[in-house]
Amino acid sequence: VAETFDTIVIGGGIAGVSALAELARHGSALLLEQEPSLAAHASGRNAALYRPLERDETTAALARRSLEILRTYSAEPMLRPVGMLLASGDPAVIDAEAVHASALGVPHSVLSQSQCGDRVTLLRGGDVHAGLMLPTAGVLDIHRMITTLAGVARDRGAKLRQSAQVLGIEVESGRARGVRLADGTRVAGNRVVVAAGAWGNQIARECGSRVQLVPERRHLMLLRAEGPPDPHAPVVWRLEPRQELYFRPESGGYLASPCDATVAEPHQAIVDPDVLEQLADKLGQTAPPLAQSRVSQVWACLRTFAPDRELVLGADPALESLYWFGGLGGRGMAVAVAAAEALGTLVAISRAPEFALRMSPSRY
Ligand SMILES: Cc1cc2nc3c(=O)[nH]c(=O)nc-3n(C[C@H](O)[C@H](O)[C@H](O)COP(=O)(O)OP(=O)(O)OC[C@H]3O[C@@H](n4cnc5c(N)ncnc54)[C@H](O)[C@@H]3O)c2cc1C
């Protein structure tokens with residue numbers, strides 16, 4: 001063993017680079033990523049949506065705080081605030097969302113059916129009857145986020161190694177002491193942070209942790225537009241579960257998802273051709289002009305959840321010095337940077353901030 005790090009982070013997605021940037025403030029730190037590049041899985045292949053109106057107050061607050069932290073790291077904008085139109089066939093659904101937005105202090109305005117059609121002409125002729133416009137929502141620059149966070153980590157003295165697959169955690173007297181790599185080498189560390197996305201479960205099983213993480217596959221598609229799309233058009237998110245979809249302008253066309261979810265094994269997710277039909281059906285209801293669009297690209301990726309859909313953040317009760325940062329689900333790009341800040345607090349003072357207590361791995 002050549003060198004001992006204060007922190008070893010497993011995984012180079014948004015969770016890993018956010019944790020590395022934060023924990024590099026508390027001593028030497030090393031990130032290990034199995035792929036040749038960072039953000040090769042969920043963190044580089046997602047829809048990049050920033051939703052200020054999240055299912056609970058904590059998630060909404062983490063999303064706001066993440067942007068604040070990123071602003072201290074770079075003057076370059078990380079968010080294109082094009083807004084988001086939450087859409088429904090039922091005005092009562094939108095009224096309920098408006099009440100929720102007021103309670104969370106999220107700026108919003110309720111739009112009628114014709115106002116929705118004026119704002120996004122693709123909705124004309126569809127069955128959207130009301131919408132909630134969220135002007136502070138938008139599209140994140142996920143490439144800039146990853147490179148900025150990796151840069152901050154390096155500036156704070158951290159190291160990043162790619163093509164470095166961790167096979168297991170080294171355990172000594174009930175304590176994580178480092179990791180074993182696929183190339184046969186070992187790296188010693190005083191603490192190990194698992195930020196391995198969909199692969200978290202494999203690592204948990206290998207080291208005897210009770211943490212459970214379940215990957216779910218979701219598809220994204222690039223659609224060719226008939227005419228040039230309005231680059232400033234808001235993201236549209238249809239809310240009812242049976243009609244749920246989202247789309248937004250991207251690369252001269254539209255990026256869209258039918259919001260499918262299928263439990264999957266951790267791997268480079270394979271595309272299911274049936275989802276193309278699923279998306280076309282849903283678009284036929286919400287945005288009929290898009291339903292006939294040619295699909296120029298389709299890919300699938302994994303969102304990883306704890307069984308209770310809460311983040312998994314904090315110390316493993318079964319193995320001293322092992323920490324988890326996972327279960328980021330469908331909101332990781334928006335919340336990871338602020339969640340990593342909470343992990344930093346936990347490491348620095350051995351106590352998590354109040355809001356993070358329910359995220360503790362000791363709930364398993
Ligand atoms: C289709 C889709 C759309 C989404 N849209 C949005 C969105 O609009 N907005 C939003 O906020 N979020 C979105 N998400 C969610 C977001 O992408 C995830 O929450 C986030 O990327 C998870 O980050 P992560 O770092 O936990 O996982 P990952 O990005 O998967 O990173 C984990 C990394 O760990 C590495 N790794 C695993 N095992 C090992 C090992 N043994 N050794 C070394 N390295 C290892 C992997 O190679 C991987 O790079 C979306 C997700 C999907 C799938």
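# Ligand shell, pocket and a few residues

Trainee: What classes of residue make up the shell around the ligand?
Mentor: By class, 20 are nonpolar, 12 are polar and five are charged. Keep in mind that this is a predicted model.

Trainee: Which residues come nearest to the ligand?
Mentor: Glu33, Ser43, Leu49, Val166 and Gly329. They are part of a set of 37 residues around the ligand.

Trainee: What does the backbone of Ile14 do there?
Mentor: One of its backbone N or O atoms lies 3.2 Å from an oxygen atom of the ligand. Ala15 also has a polar backbone atom 3.0 Å from a ligand oxygen. At Ala47, a polar backbone atom is 3.2 Å from a nitrogen atom of the ligand.

Trainee: How much of the ligand's accessible area does the protein cover?
Mentor: The protein covers 96%. On its own, the ligand has 1,000 Å² of accessible area.

Trainee: Which elements give two or more residues to that shell?
Mentor: Helix H1 (14-23), strand S13 (214-224), strand S18 and helix H9 (332-349).

Trainee: Let's stay on S13. Is His219 buried or exposed?
Mentor: His219 sits in strand S13. It is buried, because its relative accessible area is 0% and the cut-off for buried is under 20%.

Trainee: What does the His219 side chain contact?
Mentor: It makes a polar contact of 2.7 Å with the side chain of Asp260. The His219 side chain also reaches the backbone nitrogen of Asp272, at 3.0 Å.

Trainee: New topic. How much space lies in the second largest pocket?
Mentor: About 210 Å³. It is lined by 14 residues, and the closest to its centre are Asn46, Ala48, Arg248, Glu250 and Leu255.

Trainee: Which elements give two or more residues to that lining?
Mentor: Strands S8 (138-140), S15 (245-250) and S18 (295-305). S18 also gives two or more residues to the ligand shell.

Trainee: And what classes does the pocket lining divide into?
Mentor: Seven nonpolar, three polar and four charged.

Trainee: Last one, backbone angles. What is phi of Ala39?
Mentor: Near 50°, a positive value in a residue other than glycine. Ala39 is in the loop between strand S2 (29-32) and strand S3 (49-50). Phi of Ser173 is near 50° as well. Ser173 lies in the loop between strand S10 (166-172) and strand S11 (175-181).

Trainee: Which of those two is buried, and which is exposed?
Mentor: Ala39 counts as buried, because its relative accessibility is 15%. Ser173 counts as exposed, at 77%.

Technical notes. Residues numbered from 1 in each chain as written. Predicted model: local features only at pLDDT ≥ 70, side-chain atom pairs only at ≥ 80, totals over all residues. Heavy atoms only, no water. 1 Å grid on protein atoms, 1.4 Å probe; cavity = no way out; pocket = protein on both sides within 12 Å on 5 of 7 lines; lining within 4 Å. Points joined across faces, edges and corners; volume = space filled by probe spheres on them. Helix = DSSP H or I, 4+ residues; strand = E, 2+ residues; numbered from the N terminus. Nonpolar A, V, L, I, M, F, W, Y, C, P; charged D, E, K, R; others polar. Near = heavy atom within 4 Å. Polar contact = N/O pair within 3.5 Å; in protein donor to acceptor, adjacent residues only side chain to side chain. Areas by Shrake-Rupley, 256 points an atom, 1.4 Å probe, with all protein chains shown as cover. Buried < 20%, exposed > 50% of the residue type's maximum accessible area, 1.4 Å probe, protein only.
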